[in-house]
Amino acid sequence: FALRHAWLKKGFDAAARDSAVFGREDAIVRLGVGKNMVRSIRHWCLAARVLAEEPGSRGARVVPTEFGLRLLSDDGWDPYLEDDASLWLVHWNLASSGARAAAWYWAFNRFHEPSFTRETLEDGLTRSVRLMGWESVAQSSLHKDVDCFLHTYVARADLDDVLECPLATLGLVVQEADGQRYRFGNGPKPTLPAAVFAYALWSYWMANGRDRQSLEARDILGSEGSPALVFRLDEDSTLDYLEQAERESA
């Protein structure tokens with residue numbers, strides 16, 4: 001299942017009360033969803049980095065991360081994800097690392113087709129997976145990943161707001177008028193705050209060049225996991241954000 005409204009808060013609150021909640025026999029009662037959705041909520045909470053597996057528990061226990069506490073606590077920044085800034089942060093956590101959402105990372109960082117269909121997206125992901133030697137990954141799993149990816153970022157007319165993924169409002173993937181083709185919404189992002197870009201840039205720097213005193217513009221614009229790729233910004237928009245960051249840090 002694609003991420004749905006309220007799932008991150010629901011999973012965060014449940015794990016904060018009981019770190020073993022997702023493995024409980026009554027998890028479906030506690031969370032108020034079906035068995036498969038219990039697993040989906042756990043997955044999305046881990047992928048969005050609001051929860052993390054407790055060390056030594058072999059995944060049996062999950063606990064709130066510092067990010068999760070700051071964002072989703074009842075007195076946190078935005079516990080119900082009503083602010084676009086929060087959605088951009090969730091997207092950044094999903095797509096800037098391949099640890100939990102490999103298809104998301106691949107799509108935003110390695111797939112560069114200007115226009116695509118479900119089939120071309122799946123073909124590209126399949127080739128990438130096979131080149132990495134992951135022969136054990138079933139084609140059916142890749143097909144479901146592509147379907148889930150599109151449902152994450154493209155609004156669907158047949159779903160009401162509570163079922164739709166909140167990230168669909170970011171405009172990162174656009175469905176063409178023919179209903180068959182899609183494209184990434186490259187360019188300026190009016191709802192992306194400069195502070196979120198600065199946070200993403202700092203995170204990218206810590207992950208890829210903490211031993212360097214500066215980052216080159218070409219790395220920020222085109223390297224895997226960079227804010228420009230993950231947020232699908234064009235060169236002018238990226239440079240504008242960098243100038244804002246420079247002014248505010250001066």
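In the lining of the largest cavity, helix H6 gives the most, with three residues, where helices are DSSP runs of H or I with at least four residues and strands are runs of E with at least two, both numbered from the N terminus. The structure is a predicted model, in which local features need pLDDT of at least 70 and side-chain atom pairs count only at pLDDT 80 or more, while totals for chains, interfaces and linings use all residues. Residues are numbered from 1 along each chain as its sequence is written, and side-chain values use heavy atoms, with hydrogens and water left out.

The structure holds one cavity of 30 Å³ or more, and the space in the largest cavity comes to about 30 Å³. A cavity is here a set of points, on a 1 Å grid over the protein atoms alone, where a 1.4 Å probe fits but cannot get out, whereas a pocket is an open set with protein on both sides within 12 Å along at least five of seven lines; lining residues have an atom within 4 Å of a point. Grid points are joined across faces, edges and corners, and a volume is the space filled by probe spheres set on the points. The cavity is lined by Ala103, Trp106, Ala107, Leu121, Leu125, Val146 and Phe149, with H6, H7 and H8 each supplying at least two residues. By class, this lining divides into seven nonpolar, no polar and no charged residues, with Ala, Val, Leu, Ile, Met, Phe, Trp, Tyr, Cys and Pro counted as nonpolar, Asp, Glu, Lys and Arg as charged, and the others, Gly among them, as polar.

The largest pocket has a volume of about 570 Å³. Of the 24 residues that line this pocket, those closest to its centre are Ala102, Ala103, Trp104, Ser141 and Asp145. At least two lining residues each come from H3, H6, helix H7 (118-131) and helix H8 (139-153), and the lining as a whole comprises 15 nonpolar, five polar and four charged residues.

Helix H6 (residues 102-109) also packs against helix H5 (residues 84-95), the two axes coming within 7 Å and crossing at roughly 100°; axes are lines fitted to C-alpha atoms, for helices over the stretch in contact, and angles run from 0 to 180 degrees between N-to-C directions. H5 is therefore roughly perpendicular to H6, given that angles of 65 to 115 degrees count as roughly perpendicular, those under 35 as roughly parallel, those over 145 as roughly antiparallel and the rest as oblique. In this contact (heavy atoms within 4.5 Å), His91, Leu94 and Ala95 of H5 meet Trp104, Tyr105, Phe108 and Asn109 of H6. The residues involved are five nonpolar, two polar and no charged.

On the H1 side the contact is made by Trp7, Leu8, Lys10, Gly11 and Phe12, and on the H3 side by Met37, Ser40, Ile41, Trp44 and Cys45. Seven nonpolar, two polar and one charged residues make up the contact of H1 with H3. The buried residues of H1 (under 20% relative accessible area, with exposed meaning over 50% and partly exposed in between, for a 1.4 Å probe and protein chains only) are Trp7, Leu8, Lys9, Gly11, Phe12, Ala14 and Ala15. What covers these buried residues includes helix H2 (27-31), H3, E1, E2, helix H4 (66-72) and H5.

Thr152, placed in helix H8, is buried, with a relative accessible area of 0%. Leaving aside neighbours within four places in sequence, Thr152 is in contact with Ala2, Trp44, Trp104, Cys165, Leu167 and Ala168. Thr152 and Gln139 are 13 residues apart in sequence and 20 Å apart in space, C-alpha to C-alpha.

Several loop positions were also examined. Arg58, in the loop between strand E1 (51-53) and strand E2 (62-64), has a phi near 55°, a positive value in a residue other than glycine, and is exposed, with a relative accessible area of 86%. Phi of Arg232 is likewise positive and near 55°, but Arg232, in the loop between helix H11 (227-230) and helix H12 (235-249), is buried, with a relative accessible area of 7%. Gly209 lies in the loop between helix H9 (194-208) and helix H10 (217-222) and counts as buried at 1% relative accessibility.
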